[in-house]
Amino acid sequence: MTDFWQNCWENKRTPWDLGGSHPLLPRLWELMEQYSPHKKFLRALVPGAGKGHDGHWLSQVIPYVVVSDLIPEAVSTAKKLYGQNPGLDFLVHNALLPYPENLEASDVIYDRAMLCALPAKLRKEYVQACYNQLTNKGVFMGIVFAAVTNEEGPPFAVSSSELLALFPEPIWQPLFMQECHDGATNEVITVENLIAFIKV
Ligand SMILES: C[S@@+](CC[C@H](N)C(=O)[O-])C[C@H]1O[C@@H](n2cnc3c(N)ncnc32)[C@H](O)[C@@H]1O
């Protein structure tokens with residue numbers, strides 16, 4: 001899969017990119033404020049962040065945000081766009097692997113099109129790496145594709161029942177899952193799901 005993403009970035013083929021932050025991100029954050037028992041989030045991590053637009057948006061509500069991607073071209077593009085933002089840091093990292101020891105744990109991990117970029121067999125590994133990088137009571141939140149038109153992917157759809165299996169109780173607890181039929185941001189994606197799970 002690395003070659004696939006490397007090729008996308010080298011050839012500037014980034015059809016998922018919205019050119020700005022995701023339009024559903026403010027609604028996701030409102031749900032967090034409504035449902036999360038913890039109101040103070042100091043550190044966030046965005047794996048598979050692409051050009052970093054959503055990390056930039058999150059830095060308005062969370063003081064320190066790390067924008068991370070597997071592909072160096074992605075991270076350098078994000079840095080070019082948002083390197084002046086003092087609330088952002090940038091990291092080249094494979095989100096399936098443990099994070100560097102000097103990276104402090106995050107209160108929030110935000111995912112848009114990272115989980116859905118992975119084939120089913122790699123998703124458990126990704127969620128485990130996220131779990132390990134979250135503080136106690138930290139939250140994994142995201143915008144997950146509930147339905148897509150191209151079944152071979154990526155992107156892949158991840159259903160609510162798959163999500164509950166990937167984030168099992170008692171080590172995770174669901175905070176919310178809200179399907180949005182109005183916010184589809186790409187012709188391939190027909191339904192999006194705003195989700196959050198808390199690390200217990
Ligand atoms: C579909 S794009 C989404 C980018 C961004 N989240 C957005 O919404 O615009 C998926 C991103 O994940 C990155 N990626 C793929 N596999 C990865 C991995 N194992 N670890 C970290 N990033 C990865 C790709 O380089 C790509 O930038």
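Biologist: Which residues on the other side of H4 are exposed?

Modeller: Pro72 and Lys80. This is a predicted model, where local features need pLDDT of at least 70, side-chain atom pairs count only at pLDDT 80 or more, and totals for chains, interfaces and linings use all residues. Residues are numbered from 1 along each chain as its sequence is written.

Biologist: What makes a residue exposed or buried?

Modeller: Count the other C-beta atoms (placed from the backbone) within 10 Å of its own: 20 or more is buried, 12 or fewer exposed, in between partly exposed. In H4, residues 72–82, Ala74, Val75 and Ala78 come out buried.

Biologist: Why do you say these buried residues line one face of H4?

Modeller: Seen down the axis, they fall within an arc of 95°, so they line one face. The arc is taken over the directions from the helix axis to the C-beta atoms.

Biologist: And what do the buried residues of H4 pack against?

Modeller: Helix H1 (2–10) and strands E2 (64–69) and E3 (88–92). Contact means C-beta atoms, placed from the backbone, within 7 Å.

Biologist: What is the span of H5 set against?

Modeller: The expected span is 1.5 Å times one less than the number of residues. H5 (120–133) has 14 residues, and its 21 Å from first C-alpha to last is close to the 20 Å expected.

Biologist: Which residues of H5 are buried, and why are they put on the same side?

Modeller: Tyr126, Val127, Cys130 and Gln133 are the buried ones. They cover an arc of only 120° around the axis, so they sit on the same side of H5. On the other side, Lys121 and Asn132 are exposed.

Note on methods:
Helices (H or I, at least four residues) and strands (E, at least two) are DSSP runs, numbered from the N terminus. Two residues are in contact if their C-beta atoms, placed from the backbone, lie within 7 Å.
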